[in-house]
Each structure stands twice: as structure tokens, then as C-alpha cells.
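Student: I would like to learn how to read a few features of a protein model. Can we work through them one at a time?

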Amino acid sequence: MSAPTPGISVFIRGILGYLRPYRSQSLLVGSLLVLESLLVALIPLSLRAIIDSGLIERDQRTLAVALGVLAGAGIIITAGGLFRDYVLARLQAGMLSDIRSGMFKHLQQLSPAFYARTRTGEILSRFSSDLASVENAVTAAAQRGILPALNCIVATIILIALDWRLSVIALFIWPWFLLVPRSLVPKVSDASYERKTRDEKIMIALQENVAAQPVVKAFSLEQFSTSSFLDRNADLKRSSNRAELLSALLERSTVVGVLLLLVVTMSAGARFAYAGNITIGTLVAFQALFLTLSYSLLYVTQYLSNLGPATFGMKRINDLLGESSRLADVPGVVELPRPNKSIEFSHVTFGYNPSHPNIYDVNLTVPHGASVAVVGPSGSGKSTLLTLLMRFYDPQAGTVSIDGHDLRTVANDTLRRHMGIVFQDSFLFNMTVRENIRLGRLDATDDEVVEAARAAEIHDVICSLPAGYSTLAGEGGSQLSAGERQRIAIARALVRNPAILLLDEATSALDPPTEQALNATIHRLGQGRTVISATHRLASTAGADMIFVLDKGSVVEHGRHSMLLPAAGLYSRLWNKQTGFTLHDHGDRVEIDIARLRSLPILSSFDQSLLTELQSQFDTEHYPAGRVIVHEGDPGDRFYVIVRGAATVSKAHRDGDNPDVLGVLQDGDFFGEIALLKDTPRTATVRATMPCICLSLRRENFTAILNRFPDIREQVTQIARARYAQLGQGWETS
Ligand code: ADP
């Protein structure tokens, strides 16, 4: 167990805090409980009157009065109980709804850093199991906690009044019998805390496993997932077993204690009654009251021992509510007027982990109205730059400013009001298309929604949907094509009429014609606003006013396409890598240029005629996002060039842990040269993370050419050896 069990006071203080808005109802419930416990105490007292006066002295009047009092008390207890239930039900529902909505409101304020480090399962379990434990404890509080506690107090007072000698015997003895359960209570609390922690681990594992099913299938992790689940399940079984056993032991020990106590007081009472020191009625009333006291003590003990999960749940709810959003507005922030001058990054350094910067000393200025592209290899920091501009994070050094206002000095909502963003995979909520667009600005009129849709060139498509703008977008927008979803996301951004439009790989995952059409739309929308597009695909940004080239978090080049291309820097290398492919039939068939073929190291010694022969041997293949292109361990017989898309390269761990991602391949990258020369198993798994169009070449086609030219075979083998040495891999063993 990592964390100590929080004390019960955490739960009690938490509940008292939440009860504050319900003071009058709480007071009413409290009064009803006091009344009920007083009336309950009347029952044993009337027993004394019934036996001593009614039965032994045969006094009919006293008998009738005592029975009448009993009946009256019964009726009042029942009616009062019903009324109490009614008030309590409303009070509990109100209080739990306050906790739930408080947590949700707080979640909306938390920074992206919180979401990056917190697993979804952890947040969900605050709303499900933690809240349920609190609810259970609150529901049982009146009947199993407060009422028995009041009964104990009233019964003790009356016991003393009835016969002090018997009370002294009882009150001296009962604490000893409660010592055993007392020593067990912390153990029961610890055990239930442990069970809860393990239960939560299972929920997190389950939630991750369901979400990660494509990865599980792609990497054949079914057995690994099952065995790690079984381990956790066995842990949960062990702690459930322990918690149940300790709970049962606690209950049993209290019951045994009460029974023993009963025998002792009964013996003493019988002796007193036999000697004539007390009446039989007093003895019976005493025993009845004593039973009430004992069982009330039993209930209170059990209730307190069951408060473990509720206390733990309350602590976790408090922890969530105590999470502070580091990006909350500080006092004195100003409203950002509609930007009309420039965006500036000045010596900006930022790392998700502050000791490892992901953006390093970035300086850039974007004049208002410019169309700007941020390009660079995967992981170079393009998206991070956009998140800094939206102030999802603050830089560790330097400033990000708009029109001279440091973003830290402006109110977050006024900053974001001027921005619209479209991500690579835009999330559409399961509401109507109209409502999805209106999420961009909640007070937009229907006409403004239509206007935004027209600007995003999606109006006609929406009108052709079964219920037009009232069509449900489906869970995650599954009713619409990828291009349509992106256009709706653009309409959502446009309905805010943003001064700054941010695009984060907004068109990269679309098929070539859809991408081209969407880029043309975006170009038209750029009039009068600043457009900043982060993308790895250079062709879509060649017309930008300014291109910033990022490499490992630093801006290494900037300028227009016409300046950057001849500069022979990273931009031109990326450009050359991504060009040289001709897409026919909307990308169904791809042709690779001879010059591009020659730039592949393994083919650098091929002459023009051989390259022309090879050119026709390439097959075009399509892979949707999530599909594995090659599996580690499978026999390799093809070489691949990724024409468009993105894929991860990963290697399984020997100890069965999650695979290591070794790198990301994007437009123009290639892999599997060794498969052209040797029949050897794949050394890694390559999986598409964006829809991929690939060109592939079979070994048998390649070797058919090499067999005709032994000199070239030798040269190719040398090149492959050298490349493998460069990559740090052994040619003979790989
Ligand atoms: P790009 O958009 O150029 O592909 P990113 O800006 O997404 O690059 O990422 C830059 C670096 O920051 C990468 O090394 C990436 O792994 C890391 N990174 C991105 N997001 C997070 C995050 N939420 N937490 C930690 N590291 C991150």
C-alpha cells in the first residue's frame, strides 16, 4: 500500500462542508432523529410499567396507559421515519449532485498538463466508484450511524437513572468487550483501502485495454494483456478476501462481546432481583435498554469500520478539487483586444518536462494577416508551438505575445475568443451538425452557423444529409466522411470569426483530392486573418507567406518556399524527400520518378535503363490508420516507400512489456531494404498511424534484375552493409 489510509475525519469534515447549503434540512433531520431515539427509549421504560404495575400489581389503568404510550410511540416513530426519509432523500440527492457538478466544473478549468499526466480511468473512477462509496456512506449515515449513536447516549442516561449499580457493572465492562473490535477497525479500513486501490487498477487496465484494442491486435498483445490482467485480478482477489474476512471477524467479535456482556449483566440483575433490590420490571427494562445500547454500539462500530472506502473516496474527490490549474488567470489580467498587429515568440524555451526542452530558444514574428506554415520532421515541436500560442502551457523562458501583450497578462477566454483551431482528427460530439458548429460560439444564430458552413464549403453537403443541419453527427462524427468532419471543424472554428486560425495537421490525414480541395478552401478563408498551419507535408504550404522550419525544437530556417528550396538546408531535403511521386486516379496508383528512385541509397548505382525497368515493378498499397504494414518476426520480402501518411516503427520488449516506439516514418521515408537482398525476419513492426499510401517492391523482382548484373549485386550489397553499419545494426545478424 503506497498511501496511508486517510482518517475518518476527512469524510466527516467533507460531508459537513457539503451540508452547509442544506442547513435547515439537516437541522430538521437531526431533530427527527433525536425524537426517534427518545421514543425508542420509551419502549423499555413502558415494559417496566407493564410488568411492575400492570401485570404484577394488576393495575389495568397503568397497563392501558403504558400500551397506549407504546402504540403512540410506534405511530410517531413510523410517521417521523417516513418524513425523515423524504427529507433525507432530497438532501442526499442534492448534496451528491453538488459534488458531481463541482467536480465537472473543476475539470473544465484544469490545464492540458493535468490531462496529459492523468489517465482517463482515474478521472472516471472519481465519478463512479469514489462517488458511489461516498453515496453509500451518506445513505447509511442516519440509520446506521447517527441514530444508533443517539440511542447509545439516551440509553446510557436512562440506564443510570434506572439502576446505577447495574449501570456501573455494565458500563465498566462494555469497553473491554469493545477493545477487540477497536483493534480490528484500522485493519478493516486498511484492507478496504487496499481492495479499492486494486479495484481501481483493474478499472484503469480495463479501460486502457478497450481503448488500445487496435494496438493489442496489431502487436499481438492478447496474451500479454490477459496475463497482466490476471495478475491484477489475483491481487484484487487476495485483498477482497482479506477485507471480507476482517469485516466478518469484526462483526463476529462485537456480537460475541455483546452476548457475553448480556450474560454478565443478566446474572447480576437476576441476583439483585432475587434479593429484592430491584423489581422484575426494572430488570426487564434494564435488559431491553441494555440490548438497545449494545446493538447501537455494534451498528456504530460497523458503520465506522465501513467508512474506509468512503473516506478514501472523499479524499480522492478532495484531491481532484484541490488540483490547481496552473494556467488560471492571475489577478490583474487584461482583455486582449482583437489582434491586428503581430504574434511574437521571443527566446521561447519550453519542455513538457522542464529539464528536457521540446522547444528551444525560438524567436519568430508573424505579422497580422500573414499565412504561415510551421514545418519539420515528426517530433520537431510543431504542435507544441501551437499549444504555446493558445496558452495551453506557459514557456519556461521567453515570452509569447500577441500585439505586444504577453499571453500571461491577458485573460485566457479573451485570448482564445480570437482563435479558431482545427486538429488532425477533429472531434465531433454526438449532437446535431448545427450544434457541433455552434460549439465554436455558443451565441451564434442559425444564420451565422449556415454562413460559417458556407465559408467552409460544407453547406451543400449538410443540406443533403437526411435531416440537414439537424442530422446527428454520430458518436465521434462517425456518420460523416473524414473530409466532411474536417470541414465541419473548420466551420466550427470560423463561426467565432477568429483573427487567428490555427491548423494542426488539419489536412494531412485526408486523401489527396480532399486534401487539395480543403487547402484551397483554407487559402480563401485566410483573407483578413492570420493563418498558422503546422504540418509535415510541405506541398500543402508552398504558397505560404512565411515558412518556419523546425528541427529538434529550434527554428533552423525561415523564409518563403522560393528562398528555402535553393538553400539546400533541411527544407529542401524534406521537399526532395516528399516529391517525385505522381498520383494517378486520386492516389489509387502511384508512379515514382526516376530521379527519386535514384535518390534511394540502395539504388544509387543503378543506371537509367535499370531504374526505368524497376519503376514499373512497384506496387501501390493503401493502409488505413491503425493497420500494421509489416510485423516484427514475419519473413520480409518487400521494400517499402511511404508516399503519404505516417507510421510508427516499434520493437517488442523481451520481457513482454509494451513495445518501444523507435521512430516515426512520414512522407518520403522508406524501410525494408534488407528484405530486397536477404530472406530474413522483420526486425521491427511498422504500423500506420495516419492513412498511408505506400509503394512496395518485391524481392523476387529485384533479384531477377540483380541476377543479370552480378557487379551491381556486389555494389548494392556494399551499400546495404554500409547503411546498416551507419544505423548501428549488424548486416550478418540482421
Ligand atoms: P510535432 O508536432 O512536430 O510532431 P510535437 O510538438 O507533437 O511535435 O512534439 C514535440 C516533442 O514533444 C516530441 O518529442 C513529443 O514526444 C513531445 N511531446 C508532445 N506532447 C507531449 C506531452 N503532452 N507530454 C510530453 N511530451 C510531449
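Student: How many nonpolar, polar and charged residues does the shell around the ligand have?

Tutor: Keep in mind that this is a predicted model. By class, the shell has 3 nonpolar, 7 polar and 1 charged residues. Among them are Ala-116, Tyr-352 and Lys-382. Helix H11 (residues 382-389) gives the most to this shell, with 3 residues.

Student: Which atoms of Lys-382 and Thr-384 lie by an oxygen atom of the ligand?

Tutor: For Lys-382, a polar side-chain atom is 2.9 Å from a ligand oxygen. For Thr-384, an N or O atom in the side chain is 2.4 Å from an oxygen atom of the ligand. The protein buries 58% of the 560 Å² that the ligand exposes when taken alone.

Student: How is a pair of aromatic rings described?

Tutor: By the distance of the centres and the angle of the planes. This structure holds 9 aromatic pairs. In one of them, Tyr-571 and Trp-575, the centres are 6.4 Å apart and the planes are at 20°, so the pair is stacked.

Student: Where do Tyr-571 and Trp-575 sit?

Tutor: In helix H19 (residues 570-578), 4 residues apart, which is about one helical turn. Tyr-571 is buried, at 0% relative accessibility, and Trp-575 is buried at 16%.

Student: Which parts does the stacked pair of Tyr-640 and Phe-671 tie together?

Tutor: Tyr-640 lies in strand E15 and Phe-671 in strand E18, so the pair joins parts 31 residues apart in sequence. Their ring centres are 5.1 Å apart, with 15° between the planes.

Notes. Residues are numbered from 1 along each chain as its sequence is written. This is a predicted model: local features need pLDDT of at least 70, side-chain atom pairs count only at pLDDT 80 or more; totals for chains, interfaces and linings use all residues. Side-chain values use heavy atoms; hydrogens and water are left out. A residue is near a molecule or strand if one of its heavy atoms lies within 4 Å of it. A polar contact is a pair of N or O atoms within 3.5 Å; within protein, one must be able to donate a hydrogen and the other to accept it, and residues adjacent in sequence count only if both atoms are side-chain atoms. Accessible areas come from the Shrake-Rupley method with a 1.4 Å probe; for residues, only the protein chains shown count as cover. Helices (H or I, at least four residues) and strands (E, at least two) are DSSP runs, numbered from the N terminus. Ala, Val, Leu, Ile, Met, Phe, Trp, Tyr, Cys and Pro count as nonpolar, Asp, Glu, Lys and Arg as charged, and the others, Gly among them, as polar. Rings of Phe, Tyr and Trp (its six-membered ring) pair if their centres lie within 6.5 Å; planes under 30 degrees apart count as stacked, over 60 as edge-to-face and the rest as tilted. Buried means under 20% relative accessible area, exposed over 50%, partly exposed in between (1.4 Å probe, protein chains only).
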